[in-house]
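I hope they are handy when you have the coordinates open.

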Amino acid sequence: MAYSLWYISLMKKQRGAAIFLCLCAILFLSACNESESGETAKHPPLSMTRDDLLGTVVTLTAYGDADEAALESAFRVIEDIDARMSANAESSEIFLLNRQSDGAKEDGFAVSRDIYDLTKRAAEISGLSAGAFDPALGGVTELWKANGEFASLPSEEEILSRIDAAHFQNILFLPGSRIAFAEPGVKLDLGGIAKGYACDKAVASLAKDGAKSALLDLGGNIYALGKKPGGSDWKVGIAVPYAGESGVACSIPVTDRAVVTSGGYQRFFEKDGQTYHHILDPATGYPAESDLLSATVIGRSSADADGFSTACFVLGRENGMALIESVPGYEAILIAKDERVYATPGIAGQIEILDERFRLEET
Ligand code: ADP
Ligand code: MG
């Protein structure tokens with residue numbers, strides 16, 4: 001059976017692979033059945049890709065009802081969020097806020113309203129996930145980075161010196177969009193949620209400009225806006241969670257939903273025969289060691305799905321599943337190290353396994 005369209009939670013690290021998979025998506029599109037290819041002819045896809053935003057490859061594709069100007073506006077929205085929320089760019093608001101954090105002022109620092117709101121939401125997700133996702137981890141994540149890339153192994157002393165301050169309850173939300181830190185050394189890192197937030201804002205921008213059917217891919221954070229031309233659900237693939245592989249483990253049908261995957265196979269480095277990936281366990285300051293290879297969360301808000309997917313990856317199967325089951329409107333697909341696929345009841349019946357190494361676990 002030929003699928004009318006593939007879209008794939010891409011391997012974020014390898015831009016070449018990402019672009020290759022985008023091409024695959026287009027090829028699969030041409031393999032669609034007759035009535036849908038008729039629809040696609042009526043609504044030819046308009047697609048733009050940029051590889052200089054959010055440290056990843058961003059592709060926006062609209063099917064009819066939105067023009068080039070609409071895609072360009074959506075890219076400007078992403079560009080603005082990237083410029084202000086990146087923890088690495090020296091002119092970003094987050095960078096400037098973090099630079100001041102050592103002299104923690106009681107009346108805090110004024111930030112943009114959206115940074116204030118997103119940080120607040122991130123702190124709520126921390127509370128819901130027992131701190132598995134934590135936007136106050138910036139002091140620790142920066143130790144692991146070199147030139148913005150996750151590439152450097154800190155000493156144990158360095159990690160220990162920063163881990164105590166790195167706690168979401170140390171972020172204080174004051175009136176007037178002001179953020180203060182309860183102790184010196186607290187730093188924000190919105191890297192686990194900003195891509196999802198940028199996706200939500202790009203969706204809103206496209207919808208405002210008339211898009212009724214579009215796919216957004218922000219380095220593997222996928223959003224399916226509306227239905228496919230022809231009226232059926234989009235089919236979104238979840239990547240095989242192994243470094244160096246570009247296949248699809250399973251797929252799900254989605255409409256008006258974000259699909260966000262976090263995994264240890266995406267960004268990592270090796271040192272002395274040991275692999276270190278980019279999702280840290282806030283309890284230790286070291287890469288999370290759960291029983292999962294990847295965690296995918298599906299829901300209306302890409303920002304929430306982004307925060308929750310990072311949290312699930314840290315929490316592992318049992319606690320990750322319990323977390324998502326407690327959040328109305330959200331579903332999870334967790335791929336465990338033993339290659340079993342676990343899913344919340346609301347989505348389990350819709351999963352199609354495409355790589356036989358992976359087995360859907362009955363729930
Ligand atoms: P990706 O950026 O690949 O989509 P995630 O959404 O899981 O992956 O976010 C990982 C990024 O978030 C890291 O690069 C780091 O900046 C930050 N981070 C790492 N561990 C955590 C954590 N436990 N909670 C919050 N942010 C984290
Ligand atoms: Mg995330």
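1. Of the 363 residues in the chain, 56% are buried (under 20% relative accessible area, with exposed meaning over 50% and partly exposed in between, for a 1.4 Å probe and protein chains only). Please keep in mind that this is a predicted model, where local features need pLDDT of at least 70, side-chain atom pairs count only at pLDDT 80 or more, and totals for chains, interfaces and linings use all residues. Residues are numbered from 1 along each chain as its sequence is written, chains are lettered from A and ligands numbered from 1 in the order in which they are written, and side-chain values use heavy atoms, leaving out hydrogens and water.

2. The chain has 11 helices and 20 strands; these are DSSP runs numbered from the N terminus, with helices being H or I of at least four residues and strands E of at least two. Among contacts (heavy atoms within 4.5 Å) between residues at least 6 apart in sequence, 62% join residues at least 24 apart.

3. Now to a helix pair. Helix α8 (residues 194-208) packs against helix α9 (residues 302-315) at about 165°, their axes 7 Å apart; axes are lines fitted to C-alpha atoms, for helices over the stretch in contact, and angles run from 0 to 180 degrees between N-to-C directions. That angle makes α8 roughly antiparallel to α9 (over 145 degrees). On the α8 side, A194, K195, G196, Y197, C199 and D200 meet S302, A303 and D306 of α9. The residues of this contact divide into 4 nonpolar, 2 polar and 3 charged, where Ala, Val, Leu, Ile, Met, Phe, Trp, Tyr, Cys and Pro count as nonpolar, Asp, Glu, Lys and Arg as charged, and the others, Gly among them, as polar.

4. Strand β13 (residues 257-263) is largely enclosed by the rest of the structure, because 6 of its 7 residues are buried. β13 runs antiparallel to strand β10 (residues 221-225), joined by 3 bridges, with A258 the bridge partner of Y223. With strand β16 (residues 292-299), β13 pairs in the antiparallel sense over 6 bridges, and here V259 stands opposite I298. Pairing requires at least two DSSP bridges between two strands.

5. Have a look, too, at the open, antiparallel sheet of 3 strands in the order β4-β8-β7. Its edge strands are β4 (109-110) and β7 (171-174), each pairing on one side only. Between β7 and strand β8 (residues 178-181) there are 4 bridges, and F181 in β8 is the bridge partner of I171. Helix α5 (residues 113-128) lies across β7 and β8, at about 135° to β7.

Note on methods:
Parallel < 35°, antiparallel > 145°, perpendicular 65-115°, else oblique.
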